[in-house]
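Keep the structure open while you read.

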Amino acid sequence: MSRDRGPRRPRRLDRKILAAASVTALSLTASGCVVVHGEREVLPATTRTEAAEALRQFTSAYNAADKAYDASLDADHTAGPLAAIDSARLKAGRTNHPDGNPAHAPLELTDAKYTIPKKAGWPRWFVADTKANKGGKSRWLVVFTRDGLDETWQATYLTLVAPERMPEFKTDADGWAEAVPADSAGLAAPPGDLSEDYTAYLRNGGTSFADGVHTSSWREVREKRSSRPGLVTQFIDEPLTDGDYAPLALRTKDGGALVFFTTRHYEKQTAARGAAVPTPNKDVQALTDGEIKQSLTMEFVSNEVALDPADGKVSVLGRVQGLTSAKGE
């Protein structure tokens, strides 16, 4: 039930393409797994068949964890911002519903298109662009990464994008995509700078990002919330760029790049003397340390996907944010 981005090829042809890349770099085991020797060869991150299996395994683990509210059930299949968001959600759910999720509805990811870049070294990664039975008509973009052949593919980024806003990717004759380095020039901003640029924009504004729900509109919402009668709300925004939070980028057909990146956000609510901080919902309470007397500080992790053009303003196409911890004082 999947469609590959780029030319359709049977599994046997995928293997031939991989084998032709370097005789010394690859060997096919009896089980059909591709074994990579060395880290200097520019190779597809995986085969399309293996990408589909990674998506299947992730979906199965995600559903098991969601049903039981047990983060250990999908811990091996998530990393980076998605793991931070998902594990906190499951922790809160288990605190409030120790017997499991009473509203569990299995996630179904179908109509998958796999964009697999050729690159050297680790991590290797690919993007699954899928239709889901949740989130309306938006496409679910799931980025899978791994740091070695013996490791499990882990879903690191998960964002939602309207179908009409999805760009076309640059691919070679065999349908493999091009990974864009974090320090790549020739773009509105190097992919490695977007996390810092975005948090700076949220703090100070500017003209580097196109207006939209996740940029100008979000700043307006936060401005309105920053000062209410009896309650002051402060926002702190920080980039996240190391390890599993490192940005990943794909070259688009028009010469730009689609970039996945991560940010961290704090929201502190402080009540005036004699007033009280609004009582948070049960999920927030489950993740809160300390007693909420006069203030509540909430920490969020957000993963974004942005279109970084060769010229012009960066457009943030999607953002998924989740509460990861909170502190009452």
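Glu238 counts as partly exposed, with a relative accessibility of 30% (buried is under 20% relative accessible area, exposed is over 50%, and partly exposed lies in between, using a 1.4 Å probe and protein chains only). Arg264 is likewise partly exposed, at 22%. The side chains of Arg264 and Glu238 form a salt bridge, 3.6 Å from N to O (a side-chain nitrogen of Lys or Arg within 4 Å of a carboxyl oxygen of Asp or Glu). Because Arg264 sits in strand S13 and Glu238 in strand S11, this pair ties together parts 26 residues apart in sequence. Strands are DSSP runs of E with at least two residues, helices are runs of H or I with at least four, and both are numbered from the N terminus.

This is a predicted model, in which local features need pLDDT of at least 70 and side-chain atom pairs count only at pLDDT 80 or more, while totals for chains, interfaces and linings use all residues. Residues are numbered from 1 along each chain as its sequence is written, and side-chain values use heavy atoms, with hydrogens and water left out.

## Other salt bridges

By the salt-bridge rule, the count comes to 15. One of them pairs Arg222 with Asp237, whose closest N and O atoms are 2.7 Å apart. Arg222 belongs to helix H5 (residues 216-225) and Asp237 to strand S11 (residues 231-240), so to speak distant parts of the chain, 15 residues apart. Both Arg222 and Asp237 are buried.

Lys253 and Glu168 also meet through their side chains, at 3.6 Å from N to O. Lys253 is in the loop between strands S12 (248-251) and S13 (257-271), and Glu168 is in the loop between S8 (154-161) and S9 (177-178), so the pair ties together parts 85 residues apart in sequence. Lys253 counts as exposed at 60% relative accessibility, and Glu168 counts as exposed at 55%.

## Where H2 meets H3

Helix H2 (residues 48-68) packs against helix H3 (residues 80-96) at an angle of about 30°, with the axes 9 Å apart. That makes H2 roughly parallel to H3 (angles under 35 degrees). The axes are lines fitted to C-alpha atoms over the stretch in contact, and angles run from 0 to 180 degrees between N-to-C directions.

Residues of H2 in this contact include Phe58 and Tyr62, and those of H3 include Leu82 and Leu90 (heavy atoms within 4.5 Å).

Definitions and conventions: Angles under 35 degrees count as roughly parallel, over 145 as roughly antiparallel, 65 to 115 as roughly perpendicular and the rest as oblique.
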